Amino acid sequence: MKNTHLLLPVVAFVIFAFSCEERNRTLQNDTVVSTDSVTIAEESVEPFPDTMYASVELLTYKIDTFCTDVKGDIADIKDLYADVPGIFCFRGGPLRDMPYSGRVTGRPSRIEVDWCFKTDMDQRKVLGISWGGGSGWTGQPLYIKWPHDKLERIKRENNHLTSDFDDEEIIVASLCSKVYFINFNTGKASREAMETRNPVKGTPSIDPRLNGNYYLGQGLPCEQPFGAVLYNLFTNEQKSVFGMDQDAWRNWGAYDSNPIVVGDFLIRPGENGTLYKFLAKTDTLIKHTTLRYHEKKGWGSPGMESSIAVCRNYGYVGDNKGNILCVNLNTMKPVWCYWNHDDTDATIVLEIEGGIPYLYTSCECDKQGQNGYSYFTKLNGLNGDTVWVQPIPCHKRQVFGSEREGGMFSTPLIGHGNCEGFIFANFCTLDKPNLGRCCCIDKKTGRIIYSLDTELYLWSSPIAYYNEKDELFVLFGDIIGNLYLIDGKTGEILVKEKFGNNFESSPIPIGNCAVVGSRGREIYKFSIK
C-alpha cells in the first residue's frame with residue numbers, strides 16, 4: 001500500500017504545479033538542437049534525430065548491449081500494425097491511438113449482449129488477494145481474422161483446437177492464469193485454454209508479422225519462473241520465459257506494460273525499472289539492449305506499467321515516479337525527460353501534427369497525498385516542451401475496503417469526424433467519493449469543452465463508433481459494471497446500463513460490436529444498435 005500524506009492547501013498545489021512546469025520548461029528549452037531544425041515532413045520516413053536534451057541530466061542511466069553482432073538501429077521504422085487483420089496490441093498500434101473504430105447506423109440507442117464467455121477462477125492468494133478470473137486493468141482483448149494460409153497452418157500443427165475453431169478469434173489473457181481463445185461469432189472456445197501459471201493483468205501482443213509469436217507479461221507471482229513469456233500461436237506451445245532479471249535496479253518481475261514490435265525488435269518496458277530491446281526475428285527472443293535509469297535525486301529505480309508508445313525510432317513511456325521518458329530506440333539513449341508530477345500508469349497517446357509527434361498524458365493522485373491533481377498534458381514529442389496543462393482535481397478514496405488512487409488510468413481517445421479537434425479522457429475519484437468523470441477537451445488549448453460524471457470511477461479506456469454522417473459516439477465502462485454510450489459532440493448519455501461486475505479492462509470495437517472483459521469471470525461481446 002502506498003503512503004498517505006497530509007492534506008495540502010490548494011494554494012500549495014498551485015505553487016507546486018507552477019514550479020513543476022517552470023522546472024520542466026527551463027530544462028527542456030536548454031537544448032542542443034533547435035525545435036525548427038528537427039521538424040520533419042509528415043510524409044517522411046526518416047528517423048528522428050539522435051540528440052539529447054538537458055532534461056536528461058536529471059537521470060542516472062546505464063545502457064548495456066548484449067548482442068554485439070547485430071546492429072541496434074531499426075532498419076524499417078514504419079508502423080507494422082497498420083495493415084494487420086485485427087487488433088494485435090493495446091490500443092491497436094504503436095501510437096496507442098486506437099486507429100480501429102466501430103461503425104453504427106444512425107443514432108444508437110441500445111446495447112445488447114451477443115454472448116458471455118466464462119473463464120475459470122484462480123483462488124490462490126498473492127499479496128493477500130485472490131485475483132479470481134475474467135480480466136482486469138488493462139486486460140484488453142485482441143482480435144484476429146486469420147489469413148487462409150495461416151488458418152490452414154494452425155489446423156495442421158495445433159492439437160488444441162475445438163470444433164468451434166474458425167478464422168475470427170478473440171484472444172484474451174485472464175487473471176485466472178490462463179489465455180482464452182474464443183470464436184468471435186459464436187462465443188464458444190475455439191481452442192483449449194493455455195496455462196500461464198501466473199495471473200495476467202495487462203494486455204499481451206500478437207506479432208504483426210504474423211509469425212505466430214504471442215508476447216505475454218505476467219502480473220503476479222503465484223509460481224516461478226515469473227516474468228515475460230513467449231508463445232507460438234500456431235501450436236499453442238510455450239517457447240521461452242524471461243524471468244527475474246538479476247541485473248535490474250528494481251526487484252520485481254511483473255510486466256503489465258504492453259510490448260510493441262518495431263522493425264526486427266520487440267520493445268518491452270518492465271516494472272523492474274528496465275526498458276528492454278529484444279531481437280525478435282524468429283520465435284526465439286534475444287536480449288539486445290537494456291536501458292536502466294533512476295532520478296539522480298530520487299530513490300530507487302521506477303517501474304513502468306504504462307505501455308510504450310512509438311513513433312518511428314522514438315519511444316515514449318511513463319513510470320511510477322512520474323517521469324515521462326523519450327528514448328531513441330536505435331541507441332536506447334534518453335532523448336528528453338519530463339516530470340509529470342506523480343505516478344503515471346496510463347499509456348501515452350500520440351498524434352502527428354505537421355510532422356511532429358505530440359503526446360497526451362496525465363498522472364494519478366498518489367504521491368501528492370489524499371488530494372491533488374491529475375495534470376492532463378500535451379507535450380511536443382521531439383523535445384518534451386509543454387504545449388498546455390489542464391489540472392483536474394482528484395483524490396484518493398477508500399473503495400471496497402482498500403485505498404484507490406485518483407487521476408488517470410485509462411488511455412485517451414482522439415476524436416475525428418464531427419469531433420475533430422477533441423480528445424476524450426477518463427478520470428477517477430473526483431469531487432464526490434469515488435466519482436468518475438469523462439472529459440471532452442480541446443486539443444489545441446486544453447480547454448474542457450464538457451465533462452460527464454459517472455456513477456463510479458473509470459479505469460477503462462474509451463473507444464469510438466462512427467455513423468454514416470461521421471458522427472462520433474463514445475463507449476466506456478466503469479468499475480461497477482456499467483457501460484456508457486455517449487454522443488461525442490454533446491456528451492449526452494444515450495445508454496447507461498449495468499452488465500458486468502467491474503469493467504476496468506479496456507474494450508475493442510469490431511463493426512458495430514464491442515468485446516471487453518469484466519472482473520469476475522466474464523468476457524462479453526456487445527452489439528451497439
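Which residue of strand S10 does Lys178 stand opposite? In this predicted model, in which residues are numbered from 1 along each chain as its sequence is written, Lys178 stands opposite Glu195 in S10. Because the model is predicted, local features need pLDDT of at least 70 and side-chain atom pairs count only at pLDDT 80 or more, whereas totals for chains, interfaces and linings use all residues, and side-chain values use heavy atoms, with hydrogens and water left out. The mean pLDDT of the protein (the predictor's confidence in each residue, from 0 to 100) is 91, and 91% of its residues reach 70 or more. Residues 1-42 stay under 50 in pLDDT, and for this stretch the model has 81 contacts beyond four places in sequence, a contact being heavy atoms within 4.5 Å.

Helices (H or I, at least four residues) and strands (E, at least two) are DSSP runs, numbered from the N terminus, and two strands pair if DSSP finds at least two bridges between them. Strand S9, which spans residues 178-183, is largely enclosed by the rest of the structure, because six of its six residues are buried; buried here means under 20% relative accessible area, exposed over 50%, and partly exposed in between, with a 1.4 Å probe and protein chains only. Lys178, Tyr180 and Ile182 point one way from S9, while Val179, Phe181 and Asn183 point the other way, and all are buried. On the side of strand S8 (residues 168-173), the pairing with S9 is antiparallel over five bridges, and Ala173 has Val179 of S9 as its bridge partner. Four residues lie between the strands of this S8 and S9 hairpin, in which Ser177 takes a positive phi near 75°. S9 also pairs in the antiparallel sense with strand S10 (residues 194-195), over two bridges.

In the loop between S9 and S10 lies Asn185, which counts as partly exposed at 45% relative accessibility. Although Asn185 and Glu168 are 17 residues apart in sequence, their C-alpha atoms are 7.5 Å apart in space. With residues up to four places away in sequence not counted, Asn185 touches Trp115, Glu168 and Lys525.

Strand S17 (residues 274-279) is likewise described as largely enclosed by the rest of the structure, because six of its six residues are buried. Both of its faces are covered, with Thr274, Tyr276 and Phe278 buried on one side and Leu275, Lys277 and Leu279 buried on the other. Five bridges pair S17 in the antiparallel sense with strand S16 (residues 265-269), and Phe265 stands opposite Leu279 in S17. The hairpin of S16 and S17 has four residues between the strands, and Gly273 in the turn has a positive phi of about 80°. Strand S18 (residues 286-295) runs antiparallel to S17 and is joined to it by six bridges, with Tyr276 opposite Thr290 in S18; six residues lie between S17 and S18 in the hairpin that they form.

An open sheet of mixed pairing is formed by five strands in the order S3-S35-S36-S37-S38. Strand S3 (102-103) and strand S38 (493-498) stand at its edges, each with a single partner strand, so one side of each is left without a neighbour in the sheet. S3 pairs in the parallel sense with strand S35 (residues 463-466) over two bridges, and Arg103 stands opposite Tyr466 in S35.

In the loop between strand S2 (86-87) and S3, Arg91 has a positive phi near 65° and is buried, with a relative accessible area of 0%. Met98, found in the loop between S2 and S3, has a positive phi of about 45° although it is not a glycine, and at 5% relative accessibility Met98 counts as buried. The peptide bond from Trp137 to Thr138 is cis, with omega near 0°, and Thr138 is placed in the loop between strand S6 (129-134) and strand S7 (142-145). A cis bond with omega near 0° also leads from Gln224 to Pro225, and Pro225 lies in the loop between strand S12 (213-217) and strand S13 (228-232).
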